[in-house]
Amino acid sequence: MKRLKVILDYMKGNVVKYISANIATIVAVLASLMVPLVIRSTIDSVIGLSPLEGGNFVNQLFIKLGGKETLLDKLWIPGLLVVGLTVSRGYFLYLKGRWASEASETIAKRLRNRLYGHLQELSYDYHVSAETGDLIQRCTSDVDRIRTFLGSQMVEIGSSLSMVIFTSIIMISLNVKLGLIALAIVPVIFIYSYYFFNKIQKTFKVVEEAEGAMSTTIQENLTGVRVVRAFGRQSYEIDKFDEKNLAMKESVLKLLRLFAQYWSTSDILCLSQSMLVLCIGTVWTVKGYITLGTLVAFTSYIGMLLWPVRQLGRILTDMSKAFVAIDRTQEILSVSSEMETSGDNFDKIQGEIEFNNVTFGYDKERDILKNLSFKIHPGETIAILGPTGAGKSTLVHLMARLYDVEQGEIKIDGKNIKVFDKKHLREHVGLILQEPFLYAKTIKNNIKIAKVDADDTNIEDAAKTAVIHDKILEFHEGYETLVGERGVSLSGGQKQRMAIARRVITEAPILIFDDSLSAVDTETDAAIRRRLNNKSKDLTTIIISHRVSTLSEADRIMVLEDGHITQLGNHETLVKNEGLYKRIWTIQSAYNEAEIV
Amino acid sequence: MNIHEEKEFSENYDIAIWKNLFQYLKPYKNNFKILAMFMIILAGIDVAIPIFTKYAIDVFVGKGTTQGFPLFVALYMLAISMLSGTVYLFIKEAGKIEAGITYTLRGKGFRRLQELSFSYFDKQAVGWLMARMTSDCDRIGGIIAWGLVDFLWGSTMMVGIATVMFVINAKLALITLSVVPALVVISLLFQRKILRVSRKVRKINSKITGAFNEGITGAKTTKTLVREEENLSEFKELTEEMRGKSVRSAVISSVFMPIVISIGSVGMALALNFGGSMVVVEAIEFGTLVLFLNYAVMFYEPVREMARIFSELQVAQASAERLLSMIDTPSDINDGDEVVKKYGDSVHAKKENWEPIHGDIEFKDVTFYYKSDEMILENFNLNIKAGQTIALVGETGSGKSTIVNLACRFYEPVSGQVLIDGVDYRERSQLWLHSNIGYVLQTPHLFSGTIKDNIIYGNLEASELDVIRAAKLVNAHDFIMKFEKGYDTEVGEGGAKLSTGEKQLISFARAIIANPKLFILDEATSSVDTETELLVQEAITKVLSGRTSFIIAHRLSTIRSADRILVIEKGKIIEDGDHKTLMKQKGHYYNLYTNQFIDEKEMEVINKK
């Protein structure tokens, strides 16, 4: 039921098209069912000798068209009727195809958009632990499965069911006894195919596992190609792979054997049914219980009946697969978006940051930051120093509200950051991550990624500030060079500088370097900071670093140890006091040249 | 653009690809013949069954007798059981072909991947290769086997129906089938349209997958840059295009099939009109008319299947083209015939002829590049004595990895020579050299299996005792024993269940167990906890002693203790000497060392508890 609601939710706005598609299917089915009736009347009453009477509306129609005498001369009239019925069946099939695909493709499109949009708005935390491969699978194959289900199978269920129902009705109305005989095996076939497709799931699983094991072997061989070659283990690897490849082959063969059993058995059942109808029908025709036309109509109908019954079994199992796919996409969509907790304040941000008794941990057992209070003034440069795991990154992530604090509060320009619109906040709190992600676009488009309307001067300016301009010009295609998997690969330091360039261009009043100069050498580091300083005096800068040169030039230095601020002050003050900063500072002088050498 | 996007090479059918593919299908020649036979039998029975109806009408109904009825029933049952039996057999046979082709292609592909040189893997993403080995192989096998089934069944059936019709009444047959030319023309017309639009759909589809990949892996960055809306609107363009093209594709198919059945119904109407008149004048029997009416419907059934086969064949062709482009890639590095004759190839080694390695390495005027306008090494010379430890220092892209890869013959020089013990290594087999190399990567790569499996990988003949000895030597034994299952602990896919430090130690044990003469260490920069760090350092010292080794070094302690330090810049050795000499020169090395020295000391102080 819950799933039905989800399906209805997906179909919103397309329900009319769906219903129309189903109606079109039913009309098409009805049209195709009329054809044998026309043939029957033609055989019995136009060519044959039976009188054109009875409630049968085809007979009525034939009488109106002039009765036996006229029609026998104009046999093209029943022929035209057949063509007319088929063409209208075709027309409605076309309508069904068109409407069903329009509806299902629209649904698929919306589902894809929703997934994409939603994934982007899931919390930072979600993406830290997300499994990319699995998510992509859900967004592509699962969506595809849902689309196929909605686009064809759901309509197929309609057409199969109406086919079965209408055929049964017509057959029984033509002759009750023969009709019942014709329907005798139907439940058997239906139950058999449903049972079979359920049972086959187990074998499907075996195949999937064999496939998984084989893929893992290939994957490990490829990612470990250096190890394989360095140890000369090619033949060992080939043996290992052959075993998995063979197991995969065997499992597929087993699956196909089952299919062979199924199709051959259901063929026997179906054809026996046809035979039964033909034989009994023949005997009855000979004895005069039924007309020849009825017999011919029955042989046509039985063919029309059996195929959809077999299909139904398959569709039902496909349906269970589609339900699994729906569940898997719903799992993503049901995680709440981080924008739900966004504020709505769009005030201009100057750059004053204040922490009031902030305590924060990723899980309840362990606090990373413990009761922090401090204030950063607009235009100030603060450097943060501390051991690995002290909470430095956490601290700056909180400023961009990538995580929410529950104890204490963080204020920007005197307002709790929770009142700001999240996106507005992040546009102004310019966080630069340590391991930046570059988009599969040109260098130019990567730099202007957060400022779409930037012109070439802006872009070059930003690149120069990040000291990457000269490097870019070294590439054959300069700013038009593609980066990412299919483009040039950049070193860690170059990537970090790209990340700085694309952040600088937005002219955010607050810039935060989350150790994002770590792979850049000391001189370049200094050059970047110098250029930033020259650019704007009002810029509030927060830099996580362990480089003394970087630290000493900051207005104030914050030493963070085990979630506490152990020191906070300018260089002159801190070097006079015992503590981590002084210990580091003295390294510079303690190890004089002779000692290093 | 990224690896999830599939490039489709050609636009139309390409005979060359199929010819190329054909050689891999040869082992299944007999299966194909058997399958063809079954399909023809099956179609034959399918054609025959309506004849039973005709017979029943003409003989029993027409003459008003049930004489000979039991025989009729028996024959009918025979036909049904034959049909059912054939169905069973043909599915099994087609299954053998499908699974077999897939199996063969995968095996060929995997073997080729074991031969291709590193330069290939530098260019091809793992994801791309995986797609070739999995979905492309599956697709080719599936489409060939089942496409053949549908094609043979369909064409035999059409031919069979036409034949029976002509035999029974040529005139009525001609009339009923007079619509076939129209059908052919319409089919060809639609076929081209369907192919074109379905190719477009596939293309956009792979773009969408790529976009999802980028959206998910880049989500964190997207947040900090507030790119959500622009990303989504770019994505929406793709999905809208996908919707448009998919609907178009569905609509074209939805137009095609109704036209086919309508044409079929014209055939049926013609049969009814002319056949009916013939019955009236008793030119034909009633049953014949019914038979023709049945056939008129049946004749057009295979058309849908045939239309599908053609568009699938194109998918298979694209798959085959990509897979075969991989299989047909020649390896850059090959052992000559003479060499293989003496020393064996990389699968069958003739170890009895292998000379022992001493460990001298010499680069003689070595030049290396991928593209001639992007030189990586030019006339590079280097002479290393057996047992020396060489540390390579330089920026990313300076060429230090290339030097190591050349020394290991993972690459070969474009010109010049690399001599091992004074002999050009191209005069020996690759396996000879590789069996003497111990290799530890910056990011250690382990295989699924137990810890023991992974250590033994370095020397398949090693005993359990050797494994423990190797583990002890590199300080891995203690942490291994802390696991409940000790050496039989599963490491998980890629070693996921172990920490980086533990993986490193195991990869050291794996490298050392073969007692290699050459040792390559691409030192890790990733920080492990101090305790493990110490163990790793100790392991390095032990492993390096007495072996010719190359180290791509990052830690000062490792660099300092090397016998020779080479500072590489743009493919040239700009400084060469031991630590003391280079420090005195006060050049690049001096700067690098002093900067990093302070850096390391700072990190030490900061992280000291």
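**A chat about chains A and B**

Guide: Let's start with α18(B), which is mostly covered, with 12 of its 13 residues buried. Bear in mind that this is a predicted model.

Visitor: Hi! Which residues in α18(B) are buried?

Guide: They are B:G501, B:E502, B:K503, B:Q504, B:L505, B:I506, B:S507, B:F508, B:A509, B:R510, B:A511 and B:I512.

Visitor: And what span should helix α18 of chain B have at 1.5 Å a residue?

Guide: The helix covers residues 500-512, and its 13 residues should span 18 Å, taking 1.5 Å a residue. Its end C-alpha atoms are 18 Å apart, so the model agrees with that expectation.

Visitor: Good. What about confidence, what does chain B average in pLDDT?

Guide: Chain B averages a pLDDT of 87, and 96% of its residues score at least 70. Residues 1-5 of chain B are a stretch to treat with care, with pLDDT below 50. That stretch still has 22 contacts in the model beyond near neighbours in sequence. Where pLDDT is low, though, predicted coordinates should not be read in detail.

Visitor: And what does the model score in ipTM and pTM?

Guide: The ipTM is 0.87 and the pTM is 0.84.

Visitor: On to the interface, then. How many residues of chain B are in contact with chain A?

Guide: On the chain B side there are 124, in contact with 121 residues of chain A.

Visitor: Which helix of chain B gives the most to that side?

Guide: Helix α9 of chain B, residues 228-280, gives the most, with 33 residues.

Visitor: How does the side of chain B that touches chain A split by class?

Guide: It has 67 nonpolar, 41 polar and 16 charged residues.

Visitor: Changing topic: how many helices and strands does chain A have?

Guide: Chain A has 23 helices and 10 strands. Its radius of gyration is 37 Å, well over the 25 Å that the globule rule gives for 597 residues, so chain A is more spread out than a compact globule.

Visitor: What does its C-alpha trace span along the principal axes?

Guide: About 120 × 60 × 55 Å for chain A.

Visitor: Into which domains is chain A divided?

Guide: Domain 1 takes in 2-13 + 101-338, and domain 2 is 353-596. Taken over C-alpha atoms, the centres of these two domains of chain A are 52 Å apart.

Visitor: Last one: what share of chain A's residues count as buried?

Guide: Of its 597 residues, 46% do. As for contacts in chain A with a separation of 6 or more, 76% of them join residues 24 or more positions apart.

How values were computed:
Residues numbered from 1 in each chain as written. Chains lettered and ligands numbered in written order. Predicted model: local features only at pLDDT ≥ 70, side-chain atom pairs only at ≥ 80, totals over all residues. Contact = placed C-beta atoms within 7 Å. Helix = DSSP H or I, 4+ residues; strand = E, 2+ residues; numbered from the N terminus. Nonpolar A, V, L, I, M, F, W, Y, C, P; charged D, E, K, R; others polar. pLDDT = per-residue confidence, 0-100. Expected span 1.5 Å × (residues − 1). Buried ≥ 20, exposed ≤ 12 C-beta atoms within 10 Å, placed from the backbone. Rg over C-alpha atoms; globule rule 2.2 N^0.38 Å. Domains from an automatic or database assignment.
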